[in-house]
Amino acid sequence: MKGNIPAPSMIGRDGGSGLDSALEPRSSVVDMVVDRLVTAIAVGEYLPGSRLPPERDLAASLQVGRVTIRTALARLAQQGLLETVRGRGGGSFVREQWGATSGESVHRALAARWDEILDVFEAVRLLHGTIARAAAENRTEDDMHELHARLEDYRQADTGLESQRADERFHLAIGKAAHNATLQEVLFQLESKISLTAPAHLWGSAEGMREMELRALADHEQLVQAINDQQLEQAGALGSEHARIDLELFEKALQKADRNQPGKTQPPKA
């Protein structure tokens, strides 16, 4: 979601010269980055135990300087959401998904852009359907072997981080079976507009996570069957419907943020 962060030409690159690096980044920019990171964790882009991307990658994704990222990560550590590990294999790791002030950040990050979020999610939903339909039309026997393997990996995965990673591999296999790089590129670009930090599969919070995972498993099984049987329309419809899960996770996060906050408007259902 780069739309909420001013372009580098507007805010300056605080990771540039030595003089710039020595200055505290503008607090308004840091606040926006904090809100984005807190929300990314709250909606399950990054689950407890997962490592955030390196500072340089976050800086590039959010179009800010590394000093801004470093300051924002320090704030999240103070809030108890992150733990910093030094040395080889270190980085910023998620400790908790929801802190005392997470609701305020989630509301600021999502509510003002809700109409835009709905619009982009609709495009993503339709494109997932198109890709699933293309997979049903173009899949090879090798593609089906991989899809069945990725489905089994997801079926056997533990709840949470392992299921999230297995789900990502499953959807990559569907994209590969479509044999159309342009569709994949457009999907990546659209998901980049929705993502709070970098394109990732949302996984929600512990509340209702297992129920969501089992629902996704049923969808995956039907998708594999439709693609295998080359039922183009069925595969497309299943792919589009399955993609609604991500929007529902955003809705739940915003509803949780606004709970017990009088005067806040609940997000409309898509």
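The questions and answers below look at a cavity and at a pair of helices in a predicted model. In this predicted model local features need pLDDT of at least 70 and side-chain atom pairs count only at pLDDT 80 or more, while totals for chains, interfaces and linings use all residues. Residues are numbered from 1 along each chain as its sequence is written, and side-chain values use heavy atoms, with hydrogens and water left out.

Visitor: What volume does the largest cavity have?
Guide: A cavity is a set of points on a 1 Å grid over the protein atoms alone where a 1.4 Å probe fits but cannot get out. Its volume is the space filled by probe spheres set on the points, which are joined across faces, edges and corners. The search of the whole structure finds one cavity of 30 Å³ or more, and the volume of the largest cavity is about 40 Å³.

Visitor: Which helix gives the most to the lining of the largest cavity?
Guide: Lining residues have an atom within 4 Å of a point, and here they are Tyr154, Arg155, Ser163, Arg210, Glu213, Leu214 and Leu217. Helices are DSSP runs (H or I, at least four residues) numbered from the N terminus, and H8 (141–156) and H11 (209–228) each supply at least two residues of this lining. With four residues, the helix that gives the most is H11.

Visitor: How are H4 and H5 oriented to each other?
Guide: Helix H4 (residues 55–62) and helix H5 (residues 66–78) pack with their axes, which are lines fitted to C-alpha atoms over the stretch in contact, 9 Å apart and at an angle of about 110 degrees. Angles run from 0 to 180 degrees between N-to-C directions, and those of 65 to 115 count as roughly perpendicular. H4 and H5 are therefore roughly perpendicular.

How values were computed:
On a 1 Å grid over the protein atoms alone, a cavity is a set of points where a 1.4 Å probe fits but cannot get out, and a pocket is an open set with protein on both sides within 12 Å along at least five of seven lines; lining residues have an atom within 4 Å of a point. Angles under 35 degrees count as roughly parallel, over 145 as roughly antiparallel, 65 to 115 as roughly perpendicular and the rest as oblique.
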